[in-house]
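Dear colleague,

Please find the structure below, handed over for your records.

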Amino acid sequence: MHIVVCVKQTPDSAAKVGVENGKVTWGDASLVVNPWDEYAIEEAIRLKEKYGGKASAISLGPESAKEALKTCLAMGCDEAVLIADPAFAGSDALATSYVLAKAIEKFGDVDVVLFGKQAIDGDTGLVPVGVARRLGWPPLTYTIKIAELDATARTIKVERLLEEGKQVVTSRLPAVVGTVKDINEPRYPTFMGIRKAAKAVISTWTAADVGCDPAKIGSSGSAMAWPQISGLPARQGSVELISGTPDEVAAQLADKLLADKVI
Amino acid sequence: MATNIWVFIEQVKAVLAQASLEALGEARRLANAQGGAVSALLFGQDVSGLAATTLAHGADEVLLADDATLAEFRAEAYGGLLVRLARERQPALILAAATTRGRDLLGWAAVDLETSALADVIALGYAGGQLTATRPVYAGKLLASVVAPKTPALVSLRPRAFPKPEPDLARTGQVVPVPAGLNEAELATKVEGTLVEEGQVSLADARIIVSGGRGVGGPEGFAPVRALAQTLGAAVGASRAAVDAGWIPYAHQVGQTGKTVAPDLYIALGISGAIQHQAGMRSAKTIVAVNKDPEAPIFKLARYGVVGDLFKIVPALDAEFKKRLGK
């Protein structure tokens, strides 16, 4: 089994994000592995441990994203590759899915591709399904459990967390699996893992290395533009504190909520 | 040039998603402003009965694909059909609800149509002939204004961000059958079934959400939360702390690594209001917070706040509403 997990480096989820001169800032908050991706990394390692084979982590991003890949190695991935090229700048979900699909094709022997649900910066959730479409593999997004995997019969059975409940789906392999939180509990890197990751050599694949058509990457391969980014309008008004005995509080709150027509 | 707008009508076992009706309302508004027609895309099996509802909510015609291969939503089946129809008929804009299905469908079709999919949009309009959309990024901490220069533009709309139109039963329109053109043997996935929690109100569609956090203290602490939710016809939400402690399943989590919701009323019980939780609920119209800690950040967002013991306040509130609502 060859499992590939795709990760992104993002600002920490506790960062106070703001906008300065039209650019997003996050103060001194650290860059981390996108929190959603931790579940995908854990699942990649568990699949490898259970079925044998290899777990590879890849990330499309700047040189700094090697730190995120080191986290993957420290957790237990076998190898990590940074996909980086100045020509990737300005890539949207359409171009990103193209580059990642080309990188996955370069491995040549991949059985399962894992993703987190979405990245906590762009928040589109479009890349996993886009990669699946490009590879011609089924997209098993929102997966909360890999129930069965048969490496010989090349089939997989998953439970997907949809609005109305859990949907049970069977599929052939190879497949793209988008995970959600609750599929597992991500492990912490061990001391040995961190030492190993610190020494690991992370190779870089460029646009040419993965065979990208220059017209399909970066700004020219993207179909949307972000002319403006802004902070949220401040919430109007301040809190009205309600006090008294529980019965008095309940009566006052009921009066107000009914008068506001929200109930 | 007429701006013809398509709306993907999401249905599960012939029950319409409310957010699809909201999308129809927005499509109607844009088509009226730009000049153009609204087509509802109704895919499924035995779903023709839903056509009249989509016409009443703003569609001028219905493209109906009724086929066994479409009985359950699958991105490859629905996406394949959508791509074929879009190539044949060239709409300017395709809308869907930003649900699990809507996001998958548009993300899939965007690759074939070599166009952009704008996910989770909360405002939409044409400026100088260009489609411009507003969408939250960084878990709702920032807003991005994005432009989609290519056609068709694919846009998923956040549930409850757009008003649901009043049905006009006098509206009529054509129902145009279209062939599904799919072959089951060529589809890689098969839906075996769905495990549904009975009696749950979907968080995305909920008008009212009653949510519990660390302050409920344990799984049994959700009993008064659920009771109040039932009285109000509300969905039950939870903070990450309550979910991570194993007190309630993840499907209930509201926040950055859970669901983003926008109800009319959000009642936060024993939730301190960490920035990650705020990311998921700050667009609620009215927020009520009950918390022991007067310094809890949730009070900065709340319209009404009660500093006190939720185990005393919530049962009193439940009894009061039962009385007021005649239950």
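**The interface of chain A and chain B**

Chain A and chain B bury about 7200 Å² between them, with 61% of that area on carbon and sulfur atoms; buried area is the accessible area (1.4 Å probe) that two parts lose on being put together, summed over both. This is a predicted model, in which local features need pLDDT of at least 70 and side-chain atom pairs count only at pLDDT 80 or more, while totals for chains, interfaces and linings use all residues. Residues are numbered from 1 along each chain as its sequence is written, chains are lettered from A and ligands numbered from 1 in the order in which they are written, and side-chain values use heavy atoms, with hydrogens and water left out.

In chain A, 83 residues are in contact (heavy atoms within 4.5 Å) with 84 residues of chain B. The interface holds 7 salt bridges, each being a side-chain nitrogen of Lys or Arg within 4 Å of a carboxyl oxygen of Asp or Glu. One of them joins B:Arg303 to A:Glu240, with the closest N and O atoms 3.5 Å apart. On the side of chain A that touches chain B, helix 6 (residues 246–259) of chain A gives the most, with 11 residues; helices (H or I, at least four residues) and strands (E, at least two) are DSSP runs, numbered from the N terminus. That side of chain A comprises 46 nonpolar, 17 polar and 20 charged residues. Here Ala, Val, Leu, Ile, Met, Phe, Trp, Tyr, Cys and Pro count as nonpolar, Asp, Glu, Lys and Arg as charged, and the others, Gly among them, as polar.

**Cavities and a pocket**

On a 1 Å grid over the protein atoms alone, a cavity is a set of points where a 1.4 Å probe fits but cannot get out, and a pocket is an open set with protein on both sides within 12 Å along at least five of seven lines; lining residues have an atom within 4 Å of a point.

Of its 35 lining residues, A:Leu162, A:Glu163, A:Glu164, A:Gly165 and B:Ser202 lie nearest the centre. By class, this lining has 18 nonpolar, 7 polar and 10 charged residues.
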